[in-house]
Each structure stands twice: as structure tokens, then as C-alpha cells.
Amino acid sequence: MASQEYSKELHIALLAVQRATLLTKSVFHSHAKGTLNKSDASPVTIGDFGAQALIIAALQHNFPQDEIVAEEEAKDLRENDQLRETVWDLVKGASLSDATAENELGGSISSPEAMLDIIDKGNSKGGNRGRIWAIDPIDGTKGFLRGGQYAVCLGLMVDGDVKVGVLGCPNLPVSDSERLSENIGADATDAEGKGVLFSAVLGQGAQSRPLSKDTVSSPSSIHMKPLANISEATFCESVEAGHSSQGDAAAIAQKLGITKPSVRMDSQAKYGSIARGAGDLYLRLPARKDYVEKIWDHAAGDLIVREAGGQVTDVEGKRLDFSLGRTLANNKGVIAAPKDVHGEVIEAVKSILNK
Ligand SMILES: Nc1ncnc2c1ncn2[C@@H]1O[C@H](COP(=O)(O)OS(=O)(=O)O)[C@@H](OP(=O)(O)O)[C@H]1O
Ligand SMILES: [Mg+2]
Ligand SMILES: [Mg+2]
Ligand SMILES: [Mg+2]
């Protein structure tokens, strides 16, 4: 069989996300989390730094010419010896149990200094030319800290268009058929039956597979759930009220006749959940006028939902534009829904937001 376009990129992305996701799980279970507050008051942990180092190392080994846009930088680790050592201890011990898979990722990083330089390789400005990977080593860091939902996120853009996307969600159920419940955001655990990788390649559909400790497991195709009536929909939104205008979300739901309470969960696990039909809609309404969304918070999820039969736009109905640099400078908010009802949702969104 002729290999499909982007098959190597997908394979490496799956392995890299899997290895990094396992590192974040080990941080959750056995380490002090080394939490710092960044200048925007959001948290970053040793898990964020470690996962970013592992993913970039794997990309550099396989695709040395590619550029990388990643959320974190090594500055705090350069200034704090103890923090650097803690992250290094984690990173040097992280490997997939399958030797072939680990080899494909280039094996371990050689030294703490090399690790810092690797983390800082995620400083590309992004843009509309060439191959650029977008990495969010832990999306939903607050969810991660409280044992809720979070995701390790990786997307490949070529000339500003997302071609490959992978999400590692260790606290979501493996099963695609389990519908979302209200407490999934707060009470998630990575007990038996939990841990899933979502992926998509443009034009080739979307898939899920169980998170494993060695090589990647075999996939199942995922699809958004057909909605006979929009009023039956379950919609997802952010946990933090400050990230999304939840009063407006409730008004939009009411306008659409939706009576079920929203499911609040952190991270791109929201995109994965609707792509597999566990939920139906994702509403992310702009709350703070000055907040501009980052490409690493949406690249993989946008593609996975579209390849599962959904449409993803901003609140005005414009497709997300990943070609403008590190941010979605031309978009406000995100509305993701099955293709055939997306227009109806946008009309409701506009009617509430324009009031
Ligand atoms: N003010 C504001 N408005 C909107 N979005 C913001 C804001 N501040 C931060 N962020 C980014 O949101 C990422 C987490 O999004 P979530 O949907 O998981 O939000 S929430 O945690 O459920 O509130 C989170 O990603 P991580 O930093 O990777 O956790 C942030 O990049
Ligand atoms: Mg962050
Ligand atoms: Mg994020
Ligand atoms: Mg993050």
C-alpha cells in the first residue's frame, strides 16, 4: 500500500504526544508539581516544561528543518537551578517502553543544557510559510493541577493550514460511546479505562486510540454525533468563567432550546469530546476584550473536529486563521458544531452577542 500523505508526521506526532502525556501523568502522581505563575497569572508546572522538551526533541530528530511554535520558554529554568534539575530528572527518565518506538523519537536528551535549548526552539514567530508545528505541552494546566481534564497538544501547519493534529487526553474515557456527564471536568481520574489519543490528518478523517506505554495502539474512526434536533444538544465550555462569557453561553443555549446543563471542562479535551460524539457543541465566547487566542490552544482540535464532520469558526462564522503568527489575531472566540447545525448556532450566537 502506498503510504498516505503525512503518515510519518502522524506516526511521530502520536508517539511524541504519547511519551509526553505519560510524563505529565508521572508528574501528577509522584512529584511536587513545581508550579510557577507566569506574567499573565496563568500557571506553568514542571510537567509543562518536561512535555515541551520531549516533544520538541522528537520533532527535531525527525524533521530538523521544521519550525516550532510552543507555549513555554526556558527562562525560568535558566534562572532557577533547583527547578531545572527537577525538570531534568523527569525528562531524562521519560521513555516509551518499546525500544523501537523510543528510537524513532531519537531517544533521550543528552544534558540539562541541551534540554533548555530544546525548550527554547519553540520560539518561532509562526506565519503563512513552510512547515510549522504548534505545541501546547499541557493545555488546561489548571485542570491538570486539580486532577481534571487536560490535553497534550500538537499540530502541524503547512503554509498556515493545519494538516496534522494530535491530542493526548489522559483523563478522558477510552470509550468513544460514553456521553459526557456534568462532573467530567471536576472528577476526572486516570483510573483503568481512561486515557485517549485523538488524531486527524487533513482529508483523511479523525481517529481515537487508547493511550499506551509503548508503541501506538490501533485506531478507531470517530465522528460527531448526528443531532436530530439542536435542542437535544450537550454543549461544552471552559471551566473558568473568566475565559468565556458563560452568561452569554446560557442565553445562546436557551435561544436554541437547549435545556441540558453545559459540561464545563478544561482544555482541548472539549474538541476531542465533541469529535467523538460524547458531546455536541463547543462554545468559547470572548470574555475579555483584550485576550487574543493562541494557535497552540486550537490547532489540533480544530482539525480533529472538522475531520470528524464538524465545522469550527469564530463567533462571527469565520474559519480560524492559523497563518498570522503565534495568535489567532483575526478571530474572536470559537464555535464548534456538527456541520449541518453550525449555521443555526452562529445565528443564535450573533443574536445574543449583538444585543
Ligand atoms: N483570559 C483568557 N481567556 C481565554 N483563554 C485564556 C485566558 N487566559 C488563558 N487562556 C488560555 O486558555 C487555555 C485553557 O483554556 P480552557 O478552555 O481549558 O480554559 S479553562 O481552563 O477551562 O478555563 C489556557 O491554556 P494553558 O495555559 O495551556 O493551560 C490559556 O492559554
Ligand atoms: Mg499556559
Ligand atoms: Mg493551552
Ligand atoms: Mg499550556
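An open sheet of seven strands, with mixed pairing, runs in the order E3-E4-E5-E6-E7-E8-E9. Strands here (E, at least two residues) and helices (H or I, at least four) are DSSP runs numbered from the N terminus, and two strands pair if DSSP finds at least two bridges between them. Strand E3 (67-70) and strand E9 (220-222) stand at the edges with a single partner strand each, so one side of each has no neighbour in the sheet. On average, neighbouring strands are turned by 20 degrees against each other, direction ignored. Axes are lines fitted to C-alpha atoms, for helices over the stretch in contact, and angles run from 0 to 180 degrees between N-to-C directions.

Before going further, please keep in mind that this is a predicted model, in which local features need pLDDT of at least 70 and side-chain atom pairs count only at pLDDT 80 or more, while totals for chains, interfaces and linings use all residues. Residues are numbered from 1 along each chain as its sequence is written, and chains are lettered from A and ligands numbered from 1 in the order in which they are written.

Let us look at one pair of strands. Strand E7 (residues 194-201) and strand E8 (residues 206-210) run antiparallel and are joined by five bridges. Within this pair, Ala200 has Ala206 in E8 as its bridge partner.

Two helices lie across the sheet. Helix H10 (residues 299-307) lies across E4, E5, E6, E7 and E8, and runs at about 95 degrees to E6. H10 is mostly covered, with nine of its nine residues buried; a residue is buried if 20 or more other C-beta atoms lie within 10 Å of its own, exposed if 12 or fewer, and partly exposed in between, with C-beta atoms placed from the backbone. Among these buried residues are Asp302, Arg306 and Glu307. After H10 comes Gly309, whose phi is positive, near 100 degrees.

Now step back to the whole chain, which is divided into domain 1 (7-221) and domain 2 (230-354), with bounds from an automatic or database domain assignment. Taken over C-alpha atoms, their centres are separated by 23 Å. Across the boundary, 42 residues of domain 1 are in contact with 33 residues of domain 2, where contact is counted if the C-beta atoms, placed from the backbone, lie within 7 Å. On the side of domain 1 that touches domain 2, E6 gives the largest share, six residues. That side divides into 20 nonpolar, 13 polar and nine charged residues. Ala, Val, Leu, Ile, Met, Phe, Trp, Tyr, Cys and Pro count as nonpolar, Asp, Glu, Lys and Arg as charged, and the others, Gly among them, as polar.

Both domains also take part around ligand 1, each supplying at least three residues of its shell. Of the 21 residues around ligand 1, Ser238, Val239, Glu240, His243 and Asp266 come nearest; a residue is near a molecule if its C-beta atom, placed from the backbone, lies within 6 Å of it. Strand E4 (131-139) and helix H7 (141-145) each supply at least two residues of the shell, which divides into four nonpolar, eight polar and nine charged residues.

Finally, find Gly126 in the loop between helix H6 (112-120) and E4. Gly126 counts as buried because 21 C-beta neighbours lie inside 10 Å. Leaving out residues up to four places away in sequence, Gly126 touches Val69, Ile132, Ile295, Gly325 and Arg326.
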